[in-house]
Amino acid sequence: MRDLTVSDIERQNVLNNRFAVNEIQKHLDITGLLFEGEYRYTKKMVADFYEVDISTIDRYLSLNSDELKHNGYTLCKGKLLKEFKLQFVHLINEASKTTQLGLFNFRAFLNIGMLLTESEKAKAVRSMILDLVIATINKKTGGGTKFINRRDVYYIPAAITEENYRRNLTSAINQCVDGHQTYKYAQVTDFIYKAVFKENAKEYREVLNLDTKDNVRHTLYAEVLLVISSFENGVGAVIQERYKSKHGIKLTMKEVEGIINELAEHPMQKPYLSDARTKMASRDYSFRDAYHGNIADYLKAVTPEEFECFIGEQSINFDHILEENKDVLKRLKQAEDE
């Protein structure tokens with residue numbers, strides 16, 4: 001089981017997922033103080049809930065100040081503190097001369113629960129959090145996350161773009177590269193995946209636990225597909241240039257592998273490859289519970305905007321859209337084959 005106490009990325013993935021946070025709030029038996037449209041909790045309330053001393057809460061606030069502030073812990077003072085005291089003076093045991101008061105919102109309240117190692121109550125909350133996060137994502141995606149990438153509104157145009165540029169690459173391979181007529185396409189694809197993701201297609205399938213019939217490209221995120229499109233188009237163009245410079249002698253697989261590795265190291269490609277690896281590593285880890293060990297250095301927390309994109313109101317039902325447009329897609333396929 002994942003350990004929220006040791007990974008700031010995993011903690012942030014929970015806290016950036018408002019759908020999971022809302023579900024957790026429904027299940028936790030804690031009453032907050034509604035202040036300025038948000039429930040707040042004093043240090044004493046947090047300490048009492050997690051069954052620890054206030055000094056323990058203070059220690060964690062000191063050690064994890066930036067993270068807790070980022071997730072909603074604030075020092076209430078001045079005019080706001082006066083308003084807070086007027087509203088809740090009968091409910092809090094704080095000295096009237098206090099000039100500042102530490103307040104947790106619900107995200108910060110969860111955040112410190114993910115950090116507390118001394119509290120059995122916090123341990124139970126962490127277990128519940130992990131269960132609810134998985135349940136929430138599965139509920140939002142209809143029970144499976146293998147093709148969660150397709151819920152992005154930009155996926156379909158990106159997939160079409162990648163398919164068009166892949167034709168340029170396959171045409172260049174067919175005309176200019178020596179090798180078995182069927183296997184050479186798979187070999188070049190493996191070289192490209194290895195350069196972009198540091199995994200070949202087989203390794204990628206194992207990480208995502210894909211079936212043999214699953215097309216790897218159908219699981220890629222829109223931004224990743226666009227990077228692949230650019231890379232494939234560049235590889236195809238260089239292959240054709242080298243073929244012409246060799247006066248029509250086909251390139252060997254070794255030469256093609258060299259071209260791909262050179263492009264992967266080109267300064268122009270670096271930021272795009274870095275972004276693709278970050279999105280692949282981070283989203284697969286959060287949404288698919290899939291860990292890409294070879295690009296683990298690129299792992300980051302998924303942003304709130306990404307949660308909205310894939311499981312929020314901005315997401316789409318890909319299968320529903322395909323069903324609605326199946327006649328149009330059929331005509332396009334017929335026109336393409338003519």
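Phe287 and Phe307 are both buried, where buried means under 20% relative accessible area, exposed over 50% and partly exposed in between (1.4 Å probe, protein chains only). The model is predicted: local features need pLDDT of at least 70, side-chain atom pairs count only at pLDDT 80 or more, and totals for chains, interfaces and linings use all residues. Residues are numbered from 1 along each chain as its sequence is written, and side-chain values use heavy atoms, with hydrogens and water left out.

**Aromatic rings**

- Rings of Phe, Tyr and Trp (its six-membered ring) pair if their centres lie within 6.5 Å; planes under 30 degrees apart count as stacked, over 60 as edge-to-face and the rest as tilted.
- By this rule there are 16 aromatic pairs.
- One of them joins Phe287 and Phe307 edge-to-face, at 5.4 Å centre to centre with 75° between the planes.
- This pair links distant parts of the chain, 20 residues apart: Phe287 belongs to helix α14 (residues 270-287) and Phe307 to helix α15 (residues 304-311).
- Helices (H or I, at least four residues) and strands (E, at least two) are DSSP runs, numbered from the N terminus.
- Tyr41, Phe49, Tyr50, Phe106 and Phe109 are linked into a cluster by ring pairs.

**Charges over rings**

- A charge sits over a ring if NZ of Lys or CZ of Arg is within 6 Å of the ring centre and within 35 degrees of the ring normal.
- Arg150 lies over the face of Phe147, 4.3 Å from the ring centre.
- The charged end of Arg283 is placed over the ring of Tyr221, at 5.2 Å from its centre.

**Nonpolar cores**

- A nonpolar core is a set of buried Ala, Val, Leu, Ile, Met, Phe, Trp, Tyr and Cys residues joined through side-chain atoms within 4.5 Å.
- The largest has 91 residues, and Tyr50, Phe104, Phe109, Leu110 and Phe231 have the most contacts inside it.
- Helix α12 (residues 222-245) gives the most to this core, with 10 residues.
- A second, separate core has eight residues, including Leu33, Leu81, Phe84 and Phe88.

**The sheet**

- Four strands make up an open sheet in the order β1-β2-β4-β3, with antiparallel pairing; two strands pair if DSSP finds at least two bridges between them.
- β1 (33-35) and β3 (74-77) are at the edges with a single partner strand each, so one side of each has no neighbour in the sheet.
- β3 and strand β4 (residues 100-104) pair over four bridges in the antiparallel sense.
- The bridge partner of Cys76 in β4 is Leu101.
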